[in-house]
Amino acid sequence: MTTIAYDVVVIGAGPVGENVADRVVRGGLTAAIVERELVGGECSYWACMPTKALLRSASALRAARQLPGAREAVTGDLDVAAVLGRRDSFASHWQDEGQVSWLESAGIALRRGQGRISSARIVEVTGVDGVTTTLTARHAVVLATGSSALLPDIPGLREAVPWSSREAASASSVPRRLAIIGGGVVAAEMATAFAALGSSVTVLARDGVLPSAEPFAGELVTDSLREAGVSVRLGAEAVAVNRDDSGTVHIRTGSGERVEADEVLVAVGRTPNTQDIGLDRVGLVPGAWLAVDGTLRVVGGGEWLYAAGDVNRRVLLTHQGKYQARAVGDVIVARAKGEKVEDGGWGRHVATADERAVPQVIFTDPEIASVGLTAAAAEAAGLRIRVVDYDLGAVAGASLHADGYKGHARMVVDEDRKVIVGFTLAGPDVAELIHAATIAIVGEVPLDRLWHAVPAYPTVSEVWLRLLETYGR
């Protein structure tokens, strides 16, 4: 058995693990990263990049059809093969040579195989050939193993071999009929994508569509999906599933409805990839989410063990995981060198934005872009708030952007501090507008100062002025 020592060992080579290792090396330490699948992780091959590639072509086509002059130039429908081919290119055809090359250029050692903690600061890596290598971490071990799709305990579901988000993102063909169990982000985006690609889509949304977003966002997306021919069944819960000998999937709901499909996508949540990484060897529970402190050390795991990204369940979004990774890498370096740890609110070594300013874009039609708290979440947090709404389609820039532009904007104001704590936009192409709101929330910019941030005319960003006018001065 070979033993090799590094300053830091990272288990998981997705975007989070890559960023931890990069920050560590930039800080002057050595790092090894362990990966059992593809370097680049879920986001690169089965989530962020390929799914958005699936959605983009249809979005561009819809945009063209909303503009006189451009509409007349559109002479056909989507080329499905071309869409899938572009998706494949964004997933690097499920090959990770490019990502491996980047690790090498960054000075990060790669160890392929299943990584398991065997004791404090010790990670054993079992390769596909069965050979085990022992890695010793002088300063820290970081768990960045991510999460996988949750498969609920519905009778017959597992035997029906359902799609998870991975199969949906990497599908080589478009099913004639697709049933989706769930109504969250993955469900809404994949319903949008596959309906545009020609599937007859049925969504069983027990808790509604986008239940964690502002209510108007889910309502707009539900209406749009139905206009696109999707059967959205609000409150419907799948209670039994089976796939017959012909390959048809049969789904029965709690109300007795029956749905038939060629494929069924399950999109009801995530589960942590912590089952087989040796947590039991250090007094933790395999398969559990990992609680962390302010500097992302694992609670109960010792001063050497950290967790970043999905596994700590703070925010299951790639960009927030990478944000955590930068904090983790930097704090490990600081502690290794005996430097001051900045762990106060908004400090260099904490991830304060996880609690106060998480941006998210849902690439449905319309797009939903949000940051911070919803009105309901702000009230639940005990804040005294005022909610300010405005019809996004009434902004001059929106009417220029597309005929019949439909959208909505909401600003949630903390009345005691006179700052924005939440912001949601719903409408075509609003994704690129959300960062202004993120800056306003993170910077805690007073409303009186925001009056001096004059939006250019005629742009959709003029909604900022309209919201402020609605709020009053």
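What follows sets a few values against their definitions.

Modeller: This is a predicted model, in which local features need pLDDT of at least 70, side-chain atom pairs count only at pLDDT 80 or more, and totals for chains, interfaces and linings use all residues. Residues are numbered from 1 along each chain as its sequence is written, and side-chain values use heavy atoms, with hydrogens and water left out.

Biologist: Why is the pair of Phe-423 and Trp-464 called stacked?

Modeller: Rings of Phe, Tyr and Trp (its six-membered ring) pair if their centres lie within 6.5 Å, and planes under 30 degrees apart count as stacked, over 60 as edge-to-face and the rest as tilted. The centres of Phe-423 and Trp-464 are 4.5 Å apart and their planes stand at 15°, so the pair is stacked. Phe-423 belongs to strand E21 (residues 419-427) and Trp-464 to helix H15 (residues 463-471), so parts 41 residues apart in sequence are tied together; helices (H or I, at least four residues) and strands (E, at least two) are DSSP runs, numbered from the N terminus.

Biologist: How do you know that Trp-163 is buried?

Modeller: Buried means under 20% relative accessible area, exposed over 50%, and partly exposed in between (1.4 Å probe, protein chains only). Trp-163 has 12%, so Trp-163 is buried, and Phe-194, at 2%, is buried because of that value.

Biologist: What makes the charged end of Arg-166 sit over the ring of Trp-46?

Modeller: The rule asks for NZ of Lys or CZ of Arg within 6 Å of the ring centre and within 35 degrees of the ring normal. The charged end of Arg-166 sits over the Trp-46 ring, 3.6 Å from its centre.
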